[in-house]
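Visitor: Please show me the model, and then let us go through its side-chain contacts by question and answer.

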Amino acid sequence: IVRAIDREEYIRKFTNGRGVKATSLVPRVIAGNTGRAELVGDYNVEEAKKYLAKAGFPGGKGLPTIKYDLRGPSTDQKQAAEFIKQQLAAIGVNLEIVVNTFPAYLEKEKQGNLQFFMGGWVADYPDAENFAFLLAGKNASPGPNASNYKSADYDKLYEKVAVMTPSQ
């Protein structure tokens, strides 16, 4: 799915060309960024189709419709969602756009009742940990890990780096 979305086009259309593609969990201006210049898994429709087939869903056949929840009913959010829907349709993935009020969206996030969504994060302080904690398993819903990502390996590394000083 990640390879089916043209981020350059998204940035051009929805951020007036002011955005940059993230190449690391940690932004480029904060210590701890990978320094990677290129995005791993960037836009490539043919690769996206191959991965979808490898996952057992050639052309999207057999893949259930994916619900994409919006954080609000604004026109720009709806237009961005339609863009994502069109991008995924090109590889055979069907997306159902669910328009929420912001409070309703937050309740779904708190309950861990989101399948596909887009959000953002502004750091409270300039440290890589301020981004890494967003994927820590212990921070799953109703905490800030809204994706409910869980990985024992990630959590083990996170616990180690969470207490490190920048010089380590």
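Guide: A definition comes before the contacts: helices (H or I, at least four residues) and strands (E, at least two) are DSSP runs, numbered from the N terminus. This is a predicted model, in which local features need pLDDT of at least 70 and side-chain atom pairs count only at pLDDT 80 or more, while totals for chains, interfaces and linings use all residues. Residues are numbered from 1 along each chain as its sequence is written, and side-chain values use heavy atoms, with hydrogens and water left out.

Visitor: How many aromatic pairs does the structure hold?

Guide: Rings of Phe, Tyr and Trp (its six-membered ring) pair if their centres lie within 6.5 Å; planes under 30 degrees apart count as stacked, over 60 as edge-to-face and the rest as tilted. By that criterion, the number of aromatic pairs in the structure is seven.

Visitor: What class of aromatic pair do Y10 and F14 form?

Guide: Y10 and F14 are four residues apart in helix α1 (residues 7-14), so about one helical turn separates them. Their ring centres are 5.0 Å apart, with 45 degrees between the planes. The pair is classed as tilted.

Visitor: Is Y10 buried or exposed?

Guide: Buried means under 20% relative accessible area, exposed over 50%, and partly exposed in between (1.4 Å probe, protein chains only). F14, at 27% relative accessibility, is partly exposed. Y10 has 18% relative accessibility, so Y10 counts as buried.

Visitor: Why is the pair of Y105 and F117 edge-to-face?

Guide: Y105 is buried at 0% relative accessible area, and F117 is partly exposed at 24%. The ring centres of Y105 and F117 lie 6.4 Å apart. The pair is edge-to-face because the planes stand at 65 degrees.

Visitor: How many residues apart in sequence are the parts that Y105 and F117 tie together?

Guide: Y105 lies in helix α4 (residues 102-111), whereas F117 lies in strand β3 (residues 116-117). The pair therefore ties together parts whose separation in sequence is 12 residues.

Visitor: How many salt bridges does a search of the whole structure find?

Guide: Side chains of opposite charge can pair when their charged atoms come close. A salt bridge is a side-chain nitrogen of Lys or Arg within 4 Å of a carboxyl oxygen of Asp or Glu. The search of the whole structure finds nine.

Visitor: How far apart are the closest N and O atoms of R12 and E9?

Guide: R12 and E9 are three residues apart in helix α1, so about one helical turn separates them. R12 is exposed at 51% relative accessibility, and E9 is partly exposed at 22%. Their salt bridge has its closest N and O atoms at 2.7 Å.

Visitor: Which residue forms a salt bridge with D69?

Guide: D69 is buried, with a relative accessible area of 4%. The closest N and O atoms of its salt bridge are 2.7 Å apart. D69 lies in strand β1 (residues 66-69) and its partner in helix α4, so the pair ties together parts 39 residues apart in sequence.

Visitor: Which residues are linked with R7 in a network of salt bridges?

Guide: This network includes R7 itself. The residues linked with R7 are E8, K21 and D42.
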